[in-house]
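Here is a short note for a colleague who is new to this structure. Please read the points with the model open.

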Amino acid sequence: DADLEGVFDWSDAADDQMEAAAAAWQTGDAIHSLIFAALALCLVAPPTEVVSAGLTVQNLFRRWLPSEQLQFVRHHLHRTALTALLHSLLPTVYYVYMAVACPHLQLLPNPLKAAAVWRCLAIVAIAAPAAAACLYWRWTRAGFRHHPIAAKLARAARNSNWAEVASAIDVEFRRYDKFVTGQMGRQLIVTDGWLLQTSAYTVQVAPQASLMLRVLSADEHRVSPDSGPLGAQILRIAVIPLDSDRFGQFEVRVNSAVYSDLREKLTAPVTAAQSVMIRQSLSDQFVEAFAECVAENGRLRGAPGQQQQQPQQCLGCLNQPADCRIAPGCDSAGNCGGCRCQPMWCRGCLGRWFASRQAQAGRETEAWMSGKAPCPTCRAEFCVLDVFQL
């Protein structure tokens, strides 16, 4: 009987210890794990605030990375290899952090005494950096010939020398007229001959001559740090190869506010599903409303007997005729209508100029149409009612 009582007492003590350990995990350990998970997420997928603060691999290690502007491909070869190596250290850092923050878990110095889940984590904490180090060594040896990005470049160039393709991309990336959208490390780049998408561990490469794009969906986001109170519409676009031997299909995500700029830079065809309604950018919406107001103002006629001159090309876009003129048309007390310039601008360019002045003045978008702006030629102030068609 005494022996049985000892066994029961031991089992009760063990149960008490297990309950105490469970209670400790539910309080302190869980909080520490959530804190580390939040910090790790900011490192793996940094939000806009973290990128703005410069806490990214590209900023922290910029002294050891080649210049992206001068050597775009080599920069991302180094960056992706270094990113994979650094991210592989997260299990190790988490294990050490929990060992210091929660000593009751007994993770150090002898992990074999810890619980089974922590022993498994200890194995991962050792194996992950070791595997990443081997991968880093393989990627960086022989001039990055075995790097996945180099393999994609060779495939896009039909198995020719990938370094020549990299050099051609570097030259196009240095040009000022390239299209770039997205935050650092996760960007969509369109040059004259290539469409590139960077991510944490790789770079998607597609020649414009061998692809087509299809807009799959348009997602509305009411809260967006880049679009203010109006929110944002994010387009999901599939990049489809015309020649599957050169690259595989992938998807990109683009804000509809820059969709028109993307279309201008693309030479590849772009289609959209019938159910997708692409929202215009704020600037395009204002220009359309500005043109409607100018049309309501009517046409500006010259003096009797004055010969009508042929309109010149717009100084802004050089594609449209200068079809509007600024003249007194509102009831303002001497603040508008002082412009006497000849017609030099089309309604679209004058509308964009007017919108840019309102944005610089800090006015709310709802009040843009009631604002004023200086003439782009003589700086005389005018409002929407002072703009007439010719």
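1. Start with residues 77-96. Their end C-alpha atoms lie 30 Å apart, and the span is 90% helix and 0% strand. Keep in mind that this is a predicted model. The label on this span comes from a record: the unreviewed UniProt entry annotates "transmembrane region" over residues 34-57, 77-96 and 116-137. Over residues 34-57, the chain is 71% helix and 0% strand, with end C-alpha atoms 23 Å apart.

2. Next, helix H4. This helix covers residues 72-87 and has 16 residues. Its first and last C-alpha atoms are 22 Å apart, close to the 22 Å expected. H4 is mostly covered, with 12 of its 16 residues buried. Among them are His-75, His-76, Arg-79 and His-87. Leu-77, Thr-80 and Ala-81 are also on the buried list.

3. Helix H6 runs over residues 116-140 and has 25 residues. From first C-alpha to last it reaches 36 Å, close to the 36 Å expected. Its buried residues include Trp-118, Leu-121, Ala-125, Pro-129 and Trp-139. Cys-134 counts as exposed, because its relative accessibility is 54%. Just after H6, Ala-142 takes a positive phi of about 55 degrees.

4. Is His-147 buried or exposed? His-147 counts as buried, because its relative accessibility is 0%. This residue sits in the loop between H6 and helix H7 (148-156). Leaving out residues up to four places away in sequence, His-147 touches Leu-77, Thr-80, Ala-81 and Trp-139. Leu-77, Thr-80 and Ala-81 are buried residues of H4, and Trp-139 is a buried residue of H6.

5. Now the nonpolar cores. The largest has 22 residues. Leu-195, Leu-211, Leu-213, Ile-237, Val-239 and Leu-262 touch the most other members. Strands E2 (186-190), E5 (211-221), E6 (232-241) and E7 (250-255), with helix H9 (259-265), each give two or more residues to this core. Leu-262 is in contact with Phe-179, Leu-188, Val-190, Ile-237 and Val-254, leaving aside neighbours within four places in sequence. Another core, of 20 residues, lies apart from it; Phe-144, Ile-169, Trp-194 and Val-205 are among its members.

6. How many salt bridges are there? The count comes to 6. One of them joins Asp-192 and Lys-265, with the closest N and O atoms 2.5 Å apart. Asp-192 lies in the loop between E2 and strand E3 (194-198) and Lys-265 in helix H9, so the pair ties together parts 73 residues apart in sequence. Asp-192 is partly exposed at 36% relative accessibility, whereas Lys-265 is buried at 14%. Both belong to a salt-bridge network that also includes Arg-175 and Asp-177.

7. Arg-236 forms a salt bridge with Glu-251, at 3.0 Å between the closest N and O atoms. The pair links strand E6 to strand E7, 15 residues apart. Arg-236 is partly exposed at 27%, and Glu-251 is partly exposed at 38%.

8. Asp-323 and Arg-347 meet in a salt bridge too, at 3.3 Å from N to O. Asp-323 lies in the loop between helix H10 (282-297) and strand E9 (324-326), and Arg-347 in helix H11 (residues 347-360), so the pair ties together parts 24 residues apart in sequence.

9. Last, the cysteines. The whole structure holds 0 disulfides. Cys-324 is buried, at 3% relative accessibility.

Notes. Residues are numbered from 1 along each chain as its sequence is written. This is a predicted model: local features need pLDDT of at least 70, side-chain atom pairs count only at pLDDT 80 or more; totals for chains, interfaces and linings use all residues. Side-chain values use heavy atoms; hydrogens and water are left out. Helices (H or I, at least four residues) and strands (E, at least two) are DSSP runs, numbered from the N terminus. The expected span of a helix is 1.5 Å times one less than its number of residues. Buried means under 20% relative accessible area, exposed over 50%, partly exposed in between (1.4 Å probe, protein chains only). Contact means heavy atoms within 4.5 Å. UniProt positions are given in the numbering used here, feature names are shortened, and annotations may be inferred rather than shown by experiment. A disulfide is a pair of cysteine sulfur atoms within 2.5 Å. A nonpolar core is a set of buried Ala, Val, Leu, Ile, Met, Phe, Trp, Tyr and Cys residues joined through side-chain atoms within 4.5 Å. A salt bridge is a side-chain nitrogen of Lys or Arg within 4 Å of a carboxyl oxygen of Asp or Glu.
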